[in-house]
Amino acid sequence: MDAVREALLAATDKGLMTRGARILLAVSGGADSLALLYGAAELAPTTGWRLSVAHVHHGWRGRDADRDLRFVAAHARRLELPFLSRWRNARAESRRFGLSPEAGARRVRYDALLEMAREVGASRIATAHQREDRIESYLLARERRGGLASLAGPRESRADGVVRPMLAVSRVQIREFLAARGLSFRRDASNGDLRLDRNRLRREISNVDEGELEAIARRVERLALLRERLDGDFEATIRPGILVGRNVVIASAVLLERSTAELRRRAVFECAAPFAAPGKPPLTGREREQIVRLLAGGADFRFEAGRLISFRRRGERFEVRLASEATGRKKGNNRAAASVILGDRRESLG
C-alpha cells in the first residue's frame with residue numbers, strides 16, 4: 001500500500017481519525033491536500049469515515065484563488081462529497097491585529113475551518129501537513145532559538161479537533177501517489193516568494209538528500225515524543241495549581257522554581273496566554289527566557305513584557321496580569337475586548 005493511505009490508516013489506530021467519524025478535509029488544491037482528499041476517499045468505504053471537503057479563499061491572489069476554489073469544488077463533485085467554502089479577507093485581518101500576512105492567513109483559515117466543521121457536525125478537521133512541513137518548522141524554530149514545543153513542529157492532534165495524519169509522509173511520496181492516479185494539482189505562486197522564511201527553507205530543503213531529510217525527521221519525531229511527555233507532566237503537576245481570575249492568573253512560585261526549565265517555560269506561557277492579543281503569542285521567546293531564569297533564582301521580582309503584561313513573584317505566589325492593571329496606568333493596545341488565542345495555543349510556544 002502507498003505511504004499516503006498507510007498514514008491515514010495508522011491515524012485510525014492512533015485515534016486521530018476513528019472509524020465512522022465525521023471528518024472535514026481541509027483542501028487547498030495543492031499536492032498535499034489533494035493526496036489527503038483522494039487517500040481518505042479511497043479508504044472511506046472500509047473505515048466508515050463520513051467526509052466533507054472544505055476550502056478557504058483568503059481574499060488574495062485574485063483569479064488564481066478563484067480558480068483554486070473551482071478546482072477543489074470540481075474534485076469534491078467528482079468524488080460525490082459535500083463541499084463547503086468560506087471567503088475571508090486575510091490582508092484586512094492581518095492589518096487589524098498587526099499580524100504578518102502568513103499569521104493573518106493562518107488565523108482566518110482555522111477560524112473558517114472550525115466554522116465549517118460545526119456546520120457539518122464534524123468531530124475532526126484533517127489537514128495535509130506532511131514530513132517536509134514538519135522539518136521546515138523545526139529548522140525555523142532552531143533559527144529563532146525556540147524551545148521544545150516549537151522545535152517539535154506541528155502536533156498530530158490539537159484540542160480543537162484539528163488532526164494532521166500525514167506528518168510522516170514525504171513530499172516525494174505524495175507526488176508518487178498523485179502520479180499513480182493521473183491527478184494534477186494547483187500551484188500557489190506565492191510559495192516562490194523567498195522573502196518569506198518558510199519559502200526560503202523550503203527551497204533549501206529541496207536540495208538536501210533523502211538520507212539527511214530522514215535523519216532530521218527522526219530527530220523531530222523524538223522531540224515530539226518528549227513534548228508529549230512534557231504535556232502530560234504539565235497537566236498532572238502544574239496545571240492543577242494555576243488559578244485563573246478575572247484580571248489575574250496565579251501559580252505557585254515555589255513549585256515552578258523546583259520544576260524543570262521546560263515546565264517553567266510552559267507555565268509562563270500558559271499563565272500569560274489569557275492576556276494575549278488575538279493571533280499573537282503573549283510574550284517573545286527572549287522575554288520568556290528571562291522570566292524562566294528569574295523564577296529559577298528564587299527571589300522576588302517584577303517584569304513587564306513588551307506587550308504590556310506584568311509578571312511578578314511575591315513570596316510563594318507567581319502573578320501575571322495586564323501591566324495597566326498592575327500599575328493603574330492606561331491600558332495598552334495589546335488586548336482586544338475579549339482575549340482570545342485561536343486554535344491550540346500550545347502551537348505558539350517556542
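Trainee: Before we start, what is a nonpolar core?
Mentor: A nonpolar core is a set of buried Ala, Val, Leu, Ile, Met, Phe, Trp, Tyr and Cys residues joined through side-chain atoms within 4.5 Å. Keep in mind that this is a predicted model.

Trainee: OK. How many residues has the largest nonpolar core, and which have the most contacts inside it?
Mentor: The largest nonpolar core has 44 residues. Val268, Leu283, Ile291, Phe311, Phe318 and Val320 have the most contacts inside it.

Trainee: Which helix gives the largest share of this core?
Mentor: Helix H10, residues 210-238, with 9 residues.

Trainee: And what does Phe311 touch?
Mentor: Leaving out residues up to four places away in sequence, the contacts of Phe311 include Val268, Leu283, Ile291, Phe318 and Val320. Arg302 and Glu319 are also among them.

Trainee: What other core is there?
Mentor: Another core, of 36 residues, lies apart from the largest one. Ala31, Val53, Ala126 and Val163 are among its residues.

Trainee: Switching to the whole chain: how many helices and strands?
Mentor: The protein chain has 14 helices and 10 strands. It has 350 residues, and 49% of them count as buried.

Trainee: Now helices H4 and H5. At what angle do they pack?
Mentor: About 110°, with the axes of H4 (residues 90-97) and H5 (residues 101-120) 8 Å apart. Angles of 65 to 115 degrees count as roughly perpendicular, so that is what H4 and H5 are to each other. Their crossing is right-handed.

Trainee: Which residues meet there?
Mentor: Ala90, Glu93, Ser94 and Phe97 in H4 meet Pro101, Gly104, Ala105, Arg107 and Val108 in H5.

Key:
Residues are numbered from 1 along each chain as its sequence is written. This is a predicted model: local features need pLDDT of at least 70, side-chain atom pairs count only at pLDDT 80 or more; totals for chains, interfaces and linings use all residues. Side-chain values use heavy atoms; hydrogens and water are left out. Helices (H or I, at least four residues) and strands (E, at least two) are DSSP runs, numbered from the N terminus. Buried means under 20% relative accessible area, exposed over 50%, partly exposed in between (1.4 Å probe, protein chains only). Contact means heavy atoms within 4.5 Å. Axes are lines fitted to C-alpha atoms, for helices over the stretch in contact, and angles run from 0 to 180 degrees between N-to-C directions. Angles under 35 degrees count as roughly parallel, over 145 as roughly antiparallel, 65 to 115 as roughly perpendicular and the rest as oblique. A crossing is left-handed if the near helix is turned anticlockwise from the far one by less than a right angle, and right-handed if clockwise.
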